[in-house]
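Dear colleague,

Here is the structure we discussed, with its sequence. My notes follow below it.

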Amino acid sequence: MSENCALRRANVLANHILQSPPQPSNISLAREACLQYTPPEVNESYGFQVKEMRKLLDGHNLEDRDWLYGIIIQSNLFNRKIRGGKVFVSPDYNETMEQQREISMKRILHLLEKGVFKGWLTETGPEAELKKFALYEVCGMYDYSLSAKLGVHFLLWGNAIKFFGTKRHHEKWLKHTEDYLVKGCFAMTELGHGSNVKGIETVTTYDPRTEEFVINTPCESAQKYWIGEAAIHANHAIVISQLEINETNQGIHVFIAQIRDQDGNICPNIRIADCGHKIGLNGVDNGRIWFDNLRIPRENLLNSVADVSPDGEYVSAIKNPDQRFGAFLAPLTSGRVTIASCAIYSAKVGLAVAIRYSLSRRTFSAVATGPEVLLLDYPSHQRRLLPLLAKTYAMSFAANDMKMMYVKRTPETNKEIHVVSMGLKALLTWHNMRTLQECREACGGQGVKTENRVGHLKGDYDVQTTFEGDNNVLMQQVSKALFAEYVSCKKRNKPFKGLGLEHMNSPLPVLPTQLTSSTLRCSHFQKNVFCLRERDLLERYTCEVAELQERGESRELSFLLSHQLSEDLSKAFAEKAILQAVLDAEAKLPAGSIKDVVGLVRSMYALICMEEDPSFLRYGYHSRDSVGDVRREVSKLCIELRPHALALVTSFGIPDAFLGPIAFNWIEANAWS
C-alpha cells in the first residue's frame, strides 16, 4: 500500500517537472484600474430638504451655531490641517497632557475675545439660555475638553453663584466670571463620596469672634477629587461642605474659597495635587484639594437658602433638612441638560463619519465578476447603523424638548425637569457610547485613527456616564420619583398629573394579537405599547416594594432589593418620553417628504426599542411570535431608510471640517503626497 502511494507521488512530481511550458492564454494579466473615490452625493439623492430637517433637529440658534463653527474653522489655534484637499479641525492628540491643558485655555481666551461667552451669566431669559446651550454644544463637538472646561467655569462655578448666591454675590462675581477675570471650579466630589453628596466629609465651622468660616479636610477620604480646573487654572472654588454651627450639623452648604492668588500661587492653608492622566479629557486639569483650617469671610457663604448671622445664629426659611438639601441641588439640573444634549451631538459626529464612509467604501463582490459592494448596501451594515441613526434623531427631539422645558421652567415644573433630565441624561449618554463604539467598528481600521474623530470621542465622552450623577444611580432616582407620584395619587385618590403619567387615568390599552406591518408602524399602537409597559412596570414596582415592607424590610432596603424592576421602569419612562417628543415634532409638520421620513424614523425608534428591551417579552407585552414580527419590520425599515441615509446625516448641519477625513476622499487623504 505504501509502495503504491510512493509511486503515485513520484508520477505526479515527474509530470509536473517534465510538462511542457503552458500555452499563451487569452486571459489578460493587466492590473485592474485602481480604486477611485466617488463622493456619496454622486449616487445618492436627497428625498427631502436637508436645510428644513436641520432646523427641526437643531431646534434653535442655527445662525449662532454657524457663527461659532466659522470662528473655530478659521483659526489656526484650533489645529487646522489639510487632508485630501479639505480643511479639518480637531485637537492634536500627539500633544502631552500639559500641552493639551494649555492649548484648551488659549482656545477659551480666543473665544472670549471673539465675544462667544457674552451674556452667559449676566443675561437672563429663555433666548439667552438657548443661545448658551447652542454655543456650548458646538464647543463640545470640536473638543469635549474645551466644553468640559467651560462647563466647570460657567455651569458649575458660575451657576452656583447665580442660583445659590444673592445680590451681593451676583454683583461681585458674575461679570468677573464671564470675563475670565476670575477662574472658578466646583469642589463637591470627594475621594470617599461622589453620588452620595449628603455623605461628604469636608467640614466648615463658624468663628463669631472674627466673623469667618473655617473649612477643614478632616481625613484623607474627604479630599476633594476630580475637581476640574483645580490642578492648574482655577483661582477660586465653590466648596460644598457640611456646616456645623454650635456643634450642630446643619447639612450641606455652599461656600466660595480663594485657592490661588492672581499670580497662580496656591494660597496658604490649601494643598492641591494633580489627578493625573485620564482615558480622555486630558485638556481638563482635574485636581485634588485639601483644606487645612482655611478661613474665609462670612459673606462667602452663598446664602439664598440659609445664612449665618454675625454672632453665629443659623437662619433658614426651609426648616426641613431634606428639603433644604434638595434646594441646594435643584439648580444643578442645567448640568444634566447640557450633558445629555452634548452626548447627542457627539453621536451625530460619529454617525456622520461612519455613514458617509459606508457610502463610498466598498468591499467584496456579490457576484464573481461584479463590482465590490458599498458597505451600507449590506443588510448587516444597515442593521448596525440605521437603528442608531433613528434613535439619535428621536433623542435630538427629546433633548430639544428638555432644553425648552428647562429655559421656561417655573416652580411648578421644577420637579418634572429634575426627573426628566435624570432619565434622559442616563439614556442619551449610554446611547452615545454605544453609537460611537458601533461607528468605530463600522469604520474598520480607519476608525482607530484619532484624526477620524470617532475613536477618540469615545474616550472623551465616556465620563459622561459618571459625572453629574452616575447613570445607574440617576435611573434609580427616576424610579423612586415615579413610585412617590404613584403612591401619592393613589393615597389621595387624585388623577395622575405630570411626569407624563396622565395616560394612567385612562383604561388599560388593549393590544392587537396579530401585528401586521401597518399595525407596527401605527403611532397609536406604538404609544399604547410604551404606555402599557410603563404602567405595568410602575404597578409591579410599587407592589414589590410594598410587599417587602410588609415582610419587615426597611423602605430603603425594599427599594434596593427591587433594583431589577427599578431599572426596567426607569428605562420605560425615559424611552416613552423620547417617543412622545418624536410624536409631538411629527404632529407639527405639514404633509410632505419631511413628515414621511420622520414617520419612518419614529417607527424605527419605537420598534428597535421593542426589539432590544427584554421586558416586552419578559412581562408579556409581546408574544414570541410578535417579537419575530417586530424584528422583521425593523429589517424592512432599514431598507426604506437606506436611500435617506446621506440626507439624514447631512441634516445634522455639521461642517465638513468637524468630521474626519474618511468621511470624504479617504484615498486622497491617505496618499503619499
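The expected span of a helix is 1.5 Å times one less than its number of residues, and helices (H or I, at least four residues) are DSSP runs numbered from the N terminus. This is a predicted model, in which local features need pLDDT of at least 70 and side-chain atom pairs count only at pLDDT 80 or more, while totals for chains, interfaces and linings use all residues. Residues are numbered from 1 along each chain as its sequence is written, and side-chain values use heavy atoms, with hydrogens and water left out.

Of the 29 residues in α11, 22 are buried (under 20% relative accessible area, with exposed over 50% and partly exposed in between; 1.4 Å probe, protein chains only).

The axes of α14 and helix α16 (residues 523–550) come within 10 Å and cross at roughly 85° (axes are lines fitted to C-alpha atoms, for helices over the stretch in contact, and angles run from 0 to 180 degrees between N-to-C directions). The pair therefore counts as roughly perpendicular (65 to 115 degrees). On α14 the contact (heavy atoms within 4.5 Å) is made by S479, K480, L482, F483 and Y486, and on α16 by L538, E539, Y541, T542 and V545.

The loop between α13 (454–461) and α14 (471–492) holds E468. An unreviewed UniProt entry annotates E468 as "active site"; such annotations may be inferred rather than shown by experiment. E468 has 24% relative accessibility and so counts as partly exposed.

Regards

How values were computed. Helix = DSSP H or I, 4+ residues; strand = E, 2+ residues; numbered from the N terminus. Parallel < 35°, antiparallel > 145°, perpendicular 65-115°, else oblique.
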